[in-house]
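Student: I would like to read the charged pairs and the nonpolar packing in a model. Where do we start?

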Amino acid sequence: MNTDRKSTALPEAASKRSGKEEVLELPIEGMSCATCAVTVEKALKDVPGVKFVNVNFASQAAQVVIESDKVHPAQLSEAVKSAGYDTGGATMLLKIDGMSCASCVKRVEDAIRAVPGVLEVGVNLSSEEARITYLPEKTNFNQIQQAVKSAGYEARKEETAGGAEPLEDKREKEARNLKKKFLLSAALTLPLL
């Protein structure tokens, strides 16, 4: 079957997964029309080792069949970004202990990037933090922690004073606080006008 054809279903050969092929569900952010889906599809097809791509505008996701020994999910993420869109996925914030220099940062980033399902990695030496975007169905905290440990460092989930709080919850809480401050400021300024 021609893998360049656009269809709504995976080709039969791809859905069976040979030893080297892997099917990924890649969330895509920023698409606003069918042309966006075509642009993302073309960008993903241009990555060497991609066997099949089907981008669905309605579900904001791409089904991608890759040769797992030739393509890493991070390459797919870069292709989507180069087309002007973002890949979704879950975000994890980790504290990394034991880093002392830029080569430590590179070693940690390389170790995390090698974990299957990791889309993006950013390690900050001064805050000793790593921000990781990943596909939850392909990887988890334990796999990432093990990769960091094998590189010679310790990783632990970022925690706040009240325990672990997801990054999205922090942003929502901050937005609510800013809204309250704005409304209070507006109410106090109104009598002056």
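Tutor: With a definition. A salt bridge is a side-chain nitrogen of Lys or Arg within 4 Å of a carboxyl oxygen of Asp or Glu. Keep in mind that this is a predicted model.

Student: How many salt bridges does a search of the whole structure find?

Tutor: The search finds 10 salt bridges. Take Lys51 and Glu21: their side chains meet with an N to O distance of 3.9 Å. This pair links distant parts of the chain. Lys51 sits in strand β2 (residues 50-56), Glu21 in strand β1 (residues 21-29), and 30 residues separate them.

Student: Are Lys51 and Glu21 buried or exposed?

Tutor: Buried means under 20% relative accessible area. Glu21 has 17%, so Glu21 counts as buried. Lys51 has 33% and is partly exposed.

Student: Which residue forms a salt bridge with Glu22?

Tutor: Lys138 does, with the closest N and O atoms 3.2 Å apart. Glu22 lies in strand β1, while Lys138 lies in the loop between β7 (129-134) and α5 (141-150). The pair therefore ties together parts that are 116 residues apart in sequence. Lys138 is partly exposed, at 21% relative accessible area.

Student: What about Glu67 and Lys70?

Tutor: Their side chains also form a salt bridge, 3.2 Å from N to O. Glu67 is buried, with a relative accessible area of 16%. Lys70 is exposed, at 53%. Salt bridges can share partners too: Lys106, Asp110 and Arg113 are joined this way into one network.

Student: Now the nonpolar side. What is the general idea?

Tutor: In soluble globular proteins, nonpolar side chains tend to be buried together.

Student: How many residues does the largest nonpolar core have here, and which have the most contacts inside it?

Tutor: This core has 23 residues. Leu94, Ile96 and Ile112 have the most contacts inside it. At least two core residues come from each of β5 (90-97), α4 (102-113), β6 (118-124), β7 and α5. Of these elements, α4 gives the most, with 5 residues.

Student: What does Leu94 touch?

Tutor: Leave out residues up to four places away in sequence. Leu94 then touches Glu128, Glu129, Ala130, Ile132, Phe141, Ile144, Ala155, Arg156, Lys157 and Glu158.

Student: Which residues does the second core include?

Tutor: Leu26, Met31, Val50 and Ala79 are among them. This core is separate and has 22 residues.

Methods
Residues numbered from 1 in each chain as written. Predicted model: local features only at pLDDT ≥ 70, side-chain atom pairs only at ≥ 80, totals over all residues. Heavy atoms only, no water. Helix = DSSP H or I, 4+ residues; strand = E, 2+ residues; numbered from the N terminus. Buried < 20%, exposed > 50% of the residue type's maximum accessible area, 1.4 Å probe, protein only. Core = buried A, V, L, I, M, F, W, Y, C linked by side-chain atoms within 4.5 Å. Contact = heavy atoms within 4.5 Å.
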